[in-house]
Amino acid sequence: MTDRFIDLARMAAFDTLRDVHASGAYTNLALAEQTRAHDLDRQEAALATELVNGTSRWMGTYDRIIETAAGRTLDSLQPAIVDVLRLGTHQLLGMRTPTHAAVSTSVDLAGVALGERTTGVVNAIIRKVAAHDFDEWLHIITDGMGEMGALALRTGHPRWIVDAWAAVLPSKELADALAADNVPPVPTLVIRPGYSTLEELVAAGGTETQYSPFGATREGNPADVPAVRQRRAGVQDEGSQLVALALSRAEAPDGRWLDLCAGPGGKAALLAGLARQAGTTLLANEVHEHRAELVRKAVRAYPHGTVEIVVGDGTEPTWELASFARVMADVPCSGLGSLRRRPESRWRRETQDVRELREVQVGLLRAAIASAKPGGVVAYVTCSPHKAETSDIVRTVLDGDLDREVEVLDAASFLPEVSDCRALTDERFVQLWPHRHGTDAMFLALLRVS
């Protein structure tokens with residue numbers, strides 16, 4: 001029998017993909033677990049991360065290439081063999097690994113992880129993949145295909161996402177927006193107002209964010225920053241910071257603030273600091289206890305009484321209605337606005353997932369409106385640009401049987417420093433984009449309740 005060896009980084013990458021595809025694990029959590037289990041050093045962890053994230057990001061395109069090279073459908077192969085082939089394909093086409101190294105490591109991985117009997121088919125298919133570079137393969141697999149289908153394969157997206165982006169973007173920006181999903185973001189840090197400063201984050205190696213007065217980007221592990229370790233700062237995308245900023249800038253009466261869907265706590269921590277500076281407090285509601293615990297950790301820097309945390313269904317408020325000056329409704333959504341940081345989610349989500357969230361999104365926005373006092377402001381927020389989760393939800397609620405008058409505010413006017421942020425669906429809404437603003441694709445509508 002052939003003596004085979006496979007390095008720890010590739011084994012960890014393979015085990016991560018199996019956790020994701022066979023058990024439904026999240027890539028970042030599974031990769032962290034496998035990094036610990038295989039005791040990877042920094043260099044090995046970096047290789048495993050590139051293998052996993054690159055393979056996950058381009059999986060749909062790679063699958064089409066593998067099927068074309070193999071002359072057979074993927075469902076005719078064992079799922080574990082498919083993951084070996086995906087990793088090998090990424091090394092060949094995405095990492096420019098020398099052909100002999102990509103082929104030999106793929107065959108060795110199959111032999112070590114799956115058994116010697118699997119090496120023949122892996123060797124045959126991966127050698128056929130190696131016959132062309134990525135551009136040549138894209139030409140082959142898109143030959144005769146329509147424009148949108150070809151764009152989906154060239155940018156590593158399911159066709160339905162390409163169609164959804166086309167509905168909310170000028171056509172000239174579509175390719176750039178999809179390409180931006182394939183650029184991993186630099187970690188973004190955020191201060192806890194009153195307990196850390198932007199200058200402190202910059203002194204720790206950060207670079208001020210382009211728009212948010214609270215943030216800084218910094219390569220490396222955020223936990224290396226003392227303020228983050230001490231929970232005087234946190235990690236939060238700049239887009240999330242900006243929607244909280246907009247809500248705090250809108251004119252509103254005095255009174256408590258409400259974060260309707262507070263987990264995992266990033267916005268709640270920022271809102272708590274802003275509320276405290278405004279002389280009030282925050283009620284943070286979260287439906288799941290384990291996520292409520294994350295909120296407790298996120299706001300730990302603040303004095304007792306700054307934030308009250310409750311666990312409950314936001315669509316069925318247990319608090320006094322019409323009692324909050326500002327309400328943040330960052331509702332559960334598909335997360336399609338954060339594809340650049342969650343590489344597997346584009347292939348895990350389907351149009352059905354968007355449809356299934358509609359009822360809870362409508363229910364939460366209605367509850368947010370009911371919770372606002374007269375003159376109060378509601379921020380409806382999603383980390384998704386999908387029309388069905390954004391403008392359609394707002395219009396559905398406002399066209400429904402509300403017993404209160406609601407005015408749609410010009411949300412973009414509260415973010416004057418952010419250029420070109422008006423949504424195509426309604427210029428009163430804000431839609432941020434990675435390719436325009438360097439943020440996640442956050443949506444914001446601001447509503448004043450009478």
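Leaving aside neighbours within four places in sequence, H386 is in contact (heavy atoms within 4.5 Å) with W160, A164, L336 and V354. The model is a predicted one, in which local features need pLDDT of at least 70 and side-chain atom pairs count only at pLDDT 80 or more, while totals for chains, interfaces and linings use all residues. Residues are numbered from 1 along each chain as its sequence is written, and side-chain values use heavy atoms, with hydrogens and water left out.

H386 sits in the loop between β9 (372–382) and α19 (391–398), where helices (H or I, at least four residues) and strands (E, at least two) are DSSP runs numbered from the N terminus. With a relative accessibility of 14%, H386 counts as buried; buried means under 20% relative accessible area, exposed over 50%, and partly exposed in between, with a 1.4 Å probe and protein chains only.

| Strand pair | Sense | Bridges | Residues facing each other |
|---|---|---|---|
| β8 (residues 324–330) and β9 | parallel | 6 bridges | R326 and V377 |
| β9 and β12 (residues 443–449) | antiparallel | 6 bridges | T382 and F443 |
| β2 and β3 (residues 215–217) | antiparallel | 2 bridges | E208 and A216 |

A nonpolar core is a set of buried Ala, Val, Leu, Ile, Met, Phe, Trp, Tyr and Cys residues joined through side-chain atoms within 4.5 Å. The largest such core has 55 residues, of which L201, M328, V430, L444 and L446 touch the most other members. Helix α15 (residues 266–277) contributes the largest share of this core, 7 residues. Apart from it lies another core, of 43 residues, which includes A12, L40, A70 and L109.

An unreviewed UniProt entry carries the annotation "domain: SAM-dependent MTase RsmB/NOP-type" for residues 161–450; its positions are given in the numbering used here, feature names are shortened, and annotations may be inferred rather than shown by experiment. In the model, the end C-alpha atoms of residues 161–450 lie 37 Å apart, and the span is 32% helix and 19% strand.

Terms used. Two strands pair if DSSP finds at least two bridges between them.
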